[in-house]
Amino acid sequence: MDIVVIGTGGLAREFYAFFSKKVKIVGFSSTNISEFEEFSLQGKFFGAEISPESVGTKYAALAIGNPHKKRIVSEELKRLGFVFPNLVHSSVITATNINDINSEGVIISPNCVIGSNVVFANHVYINFMCGIGHDVNFDNFVQVNPGAQIGGTVSIGEGVLIGSGSTVRHGLKVKKSSTVGSGSVVLSSVREAITVIGNPAKRLKIPNFDN
């Protein structure tokens with residue numbers, strides 16, 4: 001499968017390192033050619049204005065860490081005719097048959113362990129060395145960063161970002177557009193569109209500098 005990677009940041013470079021033996025990466029699409037050149041990424045640099053015809057494939061992988069930006073980009077690329085395959089690294093241990101999921105753009109990086117009956121919606125990105133318990137439900141555009149541990153029967157809302165090394169206790173809800181800071185221990189459900197951080201995780205209050 002020929003595939004174009006959307007992004008040139010750290011997540012895109014990790015994707016290349018992890019999946020370049022599974023798929024043929026024809027190049028990268030972003031607005032940042034200096035980043036592409038600095039890290040000597042392989043393949044062509046296509047810029048941000050692309051189509052399946054211009055890159056030579058209809059398959060794309062979204063390596064964009066920000067869930068909101070990922071949603072915007074995915075909608076535009078889908079309108080242009082791109083398709084987003086599900087990609088699971090060969091080292092992943094899973095009790096869920098990910099090949100049968102009815103979704104697109106799910107990416108699961110090396111050394112993750114996935115429990116039984118896990119539900120993945122569209123464009124869920126699980127980075128390396130994560131543990132996902134049984135019966136976890138991921139909504140669209142969720143980003144789970146390295147080393148996160150999510151207990152069983154957790155519900156993760158649309159556009160949630162779970163930070164590196166964080167832990168979410170069994171049975172909780174992390175609601176839409178929220179962020180769990182790196183290293184946090186979440187012991188109670190997280191409301192919509194807030195950031196929590198710490199152990200135990202508490203809401204991060206943004207200072208008001210207008211006064």
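Predicted model: local features only at pLDDT ≥ 70, side-chain atom pairs only at ≥ 80, totals over all residues.

Residues are numbered from 1 along each chain as its sequence is written, and side-chain values use heavy atoms, leaving out hydrogens and water.

Let's begin inside. On a 1 Å grid over the protein atoms alone, a cavity is a set of points where a 1.4 Å probe fits but cannot get out, and lining residues have an atom within 4 Å of a point. The count comes to 1 cavity of 30 Å³ or more. The largest cavity holds about 60 Å³ of space, a volume being the space filled by probe spheres set on the points, which are joined across faces, edges and corners. Among its lining residues are Leu62, Phe84, His123 and Tyr125. Strand β4 (residues 60-62) gives the most to this lining, with 3 residues; strands (E, at least two residues) and helices (H or I, at least four) are DSSP runs, numbered from the N terminus.

Now for the pockets: a pocket is an open set of points with protein on both sides within 12 Å along at least five of seven lines. The largest pocket has a volume of about 320 Å³. Of its 18 lining residues, Ile6, Ser29, Ser30, Ala48 and Val73 lie nearest its centre. Helix α4 (residues 67-80) supplies the largest share of this lining, 5 residues.

The second largest pocket has a volume of about 170 Å³. Its lining includes Asn66, Arg71, Phe141 and Lys176, and α4 again gives the largest share, here 3 residues.
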